[in-house]
Number of protein chains: 2
Amino acid sequence: MSDDTAARISGIGIGPGDPELVTLKAFRLMKEADLIFTPKARIKGESLARNIVERAGIKGGIFIELEFPMITDQTALEQKWLAAAAAVIEKISEIASNSAKAVFITLGDPGIYSTWTYLQNALAEIAPEINTETVPGISTMNAAAAALNSPLITGRERLALIPLPKELDELDTLTAIFDTIVVYKISSRLADFGSKIEQLGLSGTTSLVRRAGLPDEEIFSRLSEVKPETDGYLSTAVIHCKTTQKDHEK
Amino acid sequence: MSDDTAARISGIGIGPGDPELVTLKAFRLMKEADLIFTPKARIKGESLARNIVERAGIKGGIFIELEFPMITDQTALEQKWLAAAAAVIEKISEIASNSAKAVFITLGDPGIYSTWTYLQNALAEIAPEINTETVPGISTMNAAAAALNSPLITGRERLALIPLPKELDELDTLTAIFDTIVVYKISSRLADFGSKIEQLGLSGTTSLVRRAGLPDEEIFSRLSEVKPETDGYLSTAVIHCKTTQKDHEK
């Protein structure tokens with residue numbers, strides 16, 4: 001329910017890391033913004049999102065960093081999200097104008113594994129009068145496929161996007177019914193993932209892009225080329241599962 | 001195998017339709033281009049991709065339209081792709097410079113159901129000396145989710161991106177194992193799709209965005225709100241399948 005007289009905040013996807021992968025719309029909204037909220041994992045650490053938009057040339061906005069810690073305690077997390085929402089409301093009310101232009105920037109696309117969802121939900125809970133809108137960004141998987149210069153899916157193929165399953169044997173079923181599987185959230189389990197992919201006979205058709213779009217991006221067109229010491233943080237794997245033709249393509 | 005002295009063509013995703021969803025990189029490459037190749041379904045019809053980039057302010061480039069017809073005859077299609085590749089080579093050689101900057105623009109992202117794949121494969125076949133690179137774009141599914149102001153996936157959820165299956169009963173299995181399913185290529189089968197979704201009890205959590213990002217975009221947050229006379233061309237459905245909590249989320 002949109003209320004044109006109420007304050008508004010836009011959740012903006014800024015893409016995976018290359019400042020040039022920001023959209024014209026995101027760039028304009030950041031340039032026009034009175035307040036730019038940026039997520040960071042630790043309050044004393046660096047905000048990767050802020051760093052990217054600064055490299056894109058956004059300097060004038062007022063940056064306010066919000067903490068979205070990488071913890072698993074659900075209650076503690078929800079407290080952090082509510083605290084972030086409260087900070088947003090406080091800063092918007094300091095501007096003391098309903099025409100304040102506030103944006104929240106998020107890596108990749110705000111619809112896929114994004115902190116924007118948590119902030120948006122917390123705002124809906126404690127300040128439902130604030131309008132929110134979402135502006136899409138380049139997803140990491142699209143950037144990874146472009147870095148590999150190879151399509152994700154064509155024709156009538158099927159794509160799955162999943163976090164690395166806790167039970168790796170789930171990949172047996174998924175690789176049997178999908179043409180391409182993109183795997184996020186590999187984190188410290190890259191070696192185990194590699195073993196599973198080798199067992200499935202898919203090492204030759206599985207690629208890995210690490211830190212897509214960032215200055216230290218690494219591209220491995222086959223999983224077997226990945227150096228053993230590589231960690232999986234910010235890695236995206238693309239599994240092409242076509243060892244046999246899938247039924248739905250016939 | 002990159003050869004810096006050879007000609008180069010960039011496959012550029014220009015997003016789903018809103019000229020502001022073009023990235024800074026795509027915009028720069030189009031501005032700098034000597035040749036802008038654009039796909040169209042019929043040689044006498046309108047090129048939607050060309051229309052979008054013209055609205056983004058790209059006027060100076062030399063537009064060359066290539067035909068990618070919507071036909072199912074595989075042999076005829078492959079002939080058209082080879083003809084498009086031959087036209088690209090001819091136009092690049094007319095520029096008679098290895099520093100010619102050529103781009104091919106494509107709707108959405110070039111890694112997802114894109115004509116770029118066919119052109120890139122045809123170029124590899126008949127002119128392997130030409131270098132290609134891929135520049136990602138906003139996918140229609142990300143734009144549709146943003147239009148709905150609602151996330152696709154969060155936490156450890158799983159997403160599937162599929163064309164509407166020929167056998168609609170395949171949705172029984174897929175909705176049971178995924179949290180969110182994005183359905184493309186609904187075309188003339190919107191009514192049948194709606195019936196299947198109703199049978200699965202998911203009408204209340206299935207949305208539809210038609211012509212995402214285009215001036216006549218239509219947003220239906222529930223499939224039951226879709227007018228019966230609506231056709232499914234350029235429609236994207238987002239099925240939230242969470243009638244029960246999925247195993248992998250526990």
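In chain B, strand β7 (residues 180-184) is joined to strand β10 by four bridges, and the two run antiparallel; two strands are taken to pair if DSSP finds at least two bridges between them, while helices (H or I, at least four residues) and strands (E, at least two) are DSSP runs numbered from the N terminus. Within this pairing, B:I181 has B:I239 of β10(B) as its bridge partner. Strand β8 (residues 206-210) of chain B also pairs with β10(B) in the antiparallel sense, over five bridges, and here B:R210 stands opposite B:S235. Because five of the six residues of β10(B) (residues 235-240) are buried, this strand is largely enclosed by the rest of the structure, buried meaning under 20% relative accessible area, exposed over 50% and partly exposed in between (1.4 Å probe, protein chains only).

The model is predicted, so that local features need pLDDT of at least 70 and side-chain atom pairs count only at pLDDT 80 or more, whereas totals for chains, interfaces and linings use all residues. Residues are numbered from 1 along each chain as its sequence is written, chains are lettered from A and ligands numbered from 1 in the order in which they are written, and side-chain values use heavy atoms, with hydrogens and water left out.

In chain A, helix α5 (residues 140-147) is largely enclosed by the rest of the structure, because six of its eight residues are buried, namely A:M141, A:N142, A:A143, A:A144, A:A145 and A:A146. The elements covering these buried residues, with contact meaning heavy atoms within 4.5 Å, include β6, β7, β8 and β10 of chain A together with β5 and α5 of chain B. The helix α5(A) is followed by A:N149, whose phi is positive, near 55°.
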